[in-house]
Amino acid sequence: MRETLAGPRVLLRRLREVMADPIGAQERLDKIVRLIASNMVAEVCSVYILRADGSLELFATEGLLASAVHRATLRVGRGLVGLIAAEARPLNLPDAQSHPAFAYLPETGEEIYHSFLGVPVLRAGRTLGVLVVQNRSHRSYTEEEVEALQTTAMVLAEMFAAGEIEDLATPGADLDLNRPFRLEGAVFADGIALGHVLLHEPRVVVTQLIAEDVDHELARLEDAMRSLRLSVDDLLARGVEAGQGEHRDILEAYRMFAQDQGWVRRLREAVEAGLTAEAAVEKVQSDMRARLSRSTDPYLRDRLHDLDDLANRLLRTLMGRPHGPAGTLMPSDAVIVARNMGAAELLDYDREKLRGLVLEDGAPTSHVAIVARALGIATVGQVDNAVGLAESGDPIIVDGETGEVHLRPPGDIELAYVDKVRFRARRQEQFRRLREKPSATKDGTDITLMINAGLMMDLPHLTESGAAGIGLFRTELQFMIASSFPRLGEQEAFYREVLEGADGKPVTFRSLDVGGDKVLPYIRTHPEENPALGWRAIRLGLDRPALLKTQIRALLKAASGRTLRLMFPMVTEISEFERARQWVRNEQEHLTRHGHATADKVELGAMLEVPSLLWQLDELLETVDFLSIGSNDLFQFLMASDRGSTRLAGRFDALSPAFLRPLRKVATKARKAQKPVAVCGEIAGRPLEAMALLAIGYRSLSMSPSAIGPIKAMILDLDLDRLSQRLNAMLDGAVSASEVRTELRAWANAERIPV
Ligand code: PEP
Ligand code: MG
């Protein structure tokens, strides 16, 4: 064993003994400050802890007046201690009193001390308190002493987080550690969830902080770094990551950090100062988080996310925990908190226990948001630092109406939400009563409302909502939750069950739409620069005949004695549709020839979601039996605006004339050609947008089941003819997206239309 840096290491060893002592929290704190003071030959050592009201309370001291403990307080940002808390950075001053931030606290008697060293107590980048040493003489504390004090602060952070000190604070004062947070984000899925946090990537809790053998810990760190580098290289080589949304550039950033000498050096130094390898990772990451999280530069903040992920991977490797979602210890009212996740990962959770979802990133038309809506889980996205602030098990409320998230909510907020849930239940009841009413506008135009679905659990929504059918059945969801490729028989049984569940109402199946962000774990794809524009949907289907033909055969058999409605996603050229149609015909002939029952009638449609089709409408409408507008993709391609991008979400408006004009053209041409056309993207389920769609000529909308009630309520109060005239006149002239939105909103208000 090496004996360098003996001083700090002796301190850490003694600290370990104090932490293991079966004594009360106050006594432990008192012992710790005494231990630090004697080890660092300091006359003063004090611990201040942050309270929810933004003040720092003196919790223990060696050297200052004992009577000041739990009495003296400082405001964050005021005095040296307040400055450390505000900036989450150490301060090392030979002459504290000459520092402009110095504040004199008469009750502590500290004026006789000159030199001052203070470090923040940090956990996951959050400041929980401040640890200080002071000396009478003018001295500069060495780098090693700063390190040792920071390490001690880490030990304190674990002690605070373990809830040991909660009862010590001055009566009436709450600790910041347990402070409620009200966070804001963007609504991804409607609903209210009251539940408990489950971190998607559970924070690895490091319990063994202090090393027994430095050389051994250094070797462990080296090993873990090596396997981390290999695993990142491997991910890059494979080009895929089990989780979604982690694309090549992120992996490149990982690789950069994994090779970064600065990072590696800081890790090594922390181990040399006496920490275990995992404690070193946590310490270096916590310092980095505290520094970078104050940055307003979005690029740096993204890099912080990457570093967090990398540090987490390293911790998991060191502690022998596999990488991946929490899974097992799921509370019965779980609210998943994650940076981001793919649709398949959400489907991995037990639906019965899932109440809500909070994401730091994402966009409302991303597939995880669509699946969350399909599952009826209240979801709020783009919530800054949700993962850093939440701990698994914390009470949480997700408000999928306003985009608020309440972490550790106080009692009055919780009561208000219990009321809100009751109110929503009453409103749902009103919507349910609308169920039996014909879906027609006030001036008598019939509108067909359908639901989007993809799993068996969606089927009951068909009856509950009173929808006319399933306008989009996303068949890939079944493939995404399967661990291996569903075989012909399994597919057939599933589709039959869907048709039976629909009880005679029409179901429009969509052939497999995988690729892009919909990854099937058992299909190897090659890395692509732009997966959304890449080898996906019908492109992949036509290149993998076994895959698409099997699905077609399963659908034909499942629909025996009924009509099969099937559409193909991402059609770009009419010839693609024609090839797929030929395959359907061939399969049908094959089945008939071999004496199998098959669908009585087959209707084949194309999804219109690639802009190229807008310039092939006449031929397209002659070829297809029906069209369905995938507005999520059509919008992203038309606006060149990634539907999953957090930064672009909300930047361009679906009510833009640039979008509404081509949509209007499609509706007009389809009517002339007498071919049915529906909209099945997310805009169909948003009342104001749906109002615009009706006004430009659509009569059939397909949406998530929970949107049926609100959309029907809008329709029943809508004077469609008048609105059509108004909106079409606007679109014929020069108009901006915001003018269209303002006009529609004003119209709805004036006509008392609920939107
Ligand atoms: C769409 O693109 O609008 C659509 C309905 O398909 P998905 O959201 O599944 O891509
Ligand atoms: Mg699409």
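1. On conventions, residues are numbered from 1 along each chain as its sequence is written, while chains are lettered from A and ligands numbered from 1 in the order in which they are written. In this predicted model local features need pLDDT of at least 70, side-chain atom pairs count only at pLDDT 80 or more, and totals for chains, interfaces and linings use all residues, with side-chain values using heavy atoms and with hydrogens and water left out.

2. Around ligand 1 there are 16 residues, of which Arg474, Arg510, Gly630, Asn632 and Arg643 come nearest (a residue is near a molecule if one of its heavy atoms lies within 4 Å of it).

3. Taken alone, ligand 1 exposes 290 Å², and the protein buries 100% of that (Shrake-Rupley method, 1.4 Å probe). Helix 11 (367–375), strand 16 (470–474) and helix 21 (631–638) each give two or more residues to the shell, and helix 21 gives the most, with 3 (helices are DSSP runs, H or I, of at least four residues, and strands are E runs of at least two, numbered from the N terminus).

4. One open sheet has 6 strands in the order 3-2-1-6-5-4, with antiparallel pairing (two strands pair if DSSP finds at least two bridges between them). Its edge strands are strand 3 (73–75) and strand 4 (91–93), each pairing on one side only. Strand 1 (residues 44–50) and strand 6 (residues 126–135) run antiparallel and are joined by 6 bridges, and the bridge partner of Tyr48 in strand 6 is Val130.

5. A second open sheet has 8 strands in the order 7-14-13-9-10-11-12-8, and its pairing is mixed. Strand 7 (181–184) and strand 8 (186–189) stand at the edges with a single partner strand each, so one side of each is left without a neighbour in the sheet. Strand 13 (residues 395–399) and strand 14 (residues 404–407) pair in the antiparallel sense over 4 bridges, and Ile396 has Leu407 as its bridge partner in strand 14.
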